[in-house]
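Hi,

Here is the structure I promised to pass on.

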Amino acid sequence: MIKLEWFLIGYTSFLVFFVYVLLFGQSDYHRNGIIGFLYQFLSYKIFIYFRLLITKCFGKRMETRLDNFSHYFLQTKNPFLMIFYLVVLFGGLTIFFISVFPEMFFCPTLSNLHIFYLIIILSLVFGSFLICVYSDPGIITSENVNNYLKLYPYDYMIYLPKECSTCKLPKPARSKHCRFLNKCIARYDHYCGWVANSIGELNYRYFILFLFSNFAMCVYGSYFMFKILSWKIYESQFFVQQISEYEDSLKDKPKLQDYIEFLLENYRTISGLFLLVTLMAIVVFAFTLYHLYLISKNTTTVESFKFSEFKQFLQQLASENKVLMVNTNLVSPQKSKNSKKRKKSKNEDNLNNVVPLDPNNLKNIYNVGIIGNFLEVFFPKSRRIQKSKTKSLKPKKK
Ligand SMILES: [Zn+2]
């Protein structure tokens, strides 16, 4: 029975490690280490080797088919991952409602109130999923582009003024052209295949709600099944007998693996689902935590990679005894009341404020403190401006 315990520990550790590699393998800390190597292997090298293998085995025609499929699967908006999510979700819920839920009525430690908790959690999960699928991530159009240009200043490090070659519109800082939607998205975070939509300025808050509700569902499901399984152990009297035998020194005290063995033998479906849901809770928790960390620093998934690349570029320059100069006036424009005086000394100012960038002391100009950063996600800047505009318009009409 020790084997099963070790298998479970090994399986959990492997899954946690796998998720860790995928989430943090591209970070500054791991990029040049084993984790970084594993990330590169899993994220694209494995596909290159697979493609080579297919070409060797089946020839050029199969290679073209594979390329077409991988382009459709990886480069276009498609419903595959979303369908996969729904199949897993509905599959899990079907097993839950057939094998687990009816047990609630025979389990005195679970009250009937849990029916309402279930309704609330499932409404949250499906509600946030639908909102994420159908919400506007913050598509940049000719009507709103000027507004976004004002809201997000360029940092002249990872964002410089330029035009999107596809949309033919100026590219506001923090925006990115999403190849899946073929549109520029404001404060672009990433494209999420699970909801088949980009995650940007306007729907990042719904994405966080989606992650949180999935985490809540897994934790709740895990708690619910734990209660039922504990009751089953208690109800069986099997261990009561063993413990009394142990007290009479006739047998060894039952160990954790004895309990696991008993549950897997007698309640395989509930135990299996319990394990799966608990593992899912750990994975979703890690991902939610990662996004909360990004929010606290006011950075996005894309920016965190861009920033570490930029830092590496500066370090490379430093190793060649070169520096990159930046005008601090451009990065944080200072508003002066005395505009005439400012105009006169503008050239002087520009020269005085040109400083070399220190790769070890780069500042994220969008970071406005933890509370401000969270408020920016839950009350997007572009929506705030619209509201204040409509407010300022009202008195004028009177
Ligand atoms: Zn674009």
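A quick definition to start: I call two residues in contact if their C-beta atoms, placed from the backbone, lie within 7 Å. This is a predicted model, so local features need pLDDT of at least 70 and side-chain atom pairs count only at pLDDT 80 or more, while totals for chains, interfaces and linings use all residues. Residues are numbered from 1 along each chain as its sequence is written.

Setting aside neighbours within four places in sequence, phenylalanine 180 is in contact with Thr76, Lys77, Tyr191 and Ser198. Phenylalanine 180 sits in the loop between β1 (176–178) and β2 (183–185); strands are DSSP runs of E, at least two residues, and helices runs of H or I, at least four, numbered from the N terminus. Phenylalanine 180 counts as partly exposed because it has 17 C-beta neighbours inside 10 Å (20 or more would be buried, 12 or fewer exposed, with C-beta atoms placed from the backbone).

Now the helices. α2 (residues 34–58) bends by about 50° at lysine 45, the bend being the angle between axes fitted to the seven residues ending there and the seven starting there. Glycine 59 follows α2 and has a positive phi, near 90°.

Overall, the protein has 16 helices and 6 strands, and buried residues make up 19% of its 398 residues.

Cheers
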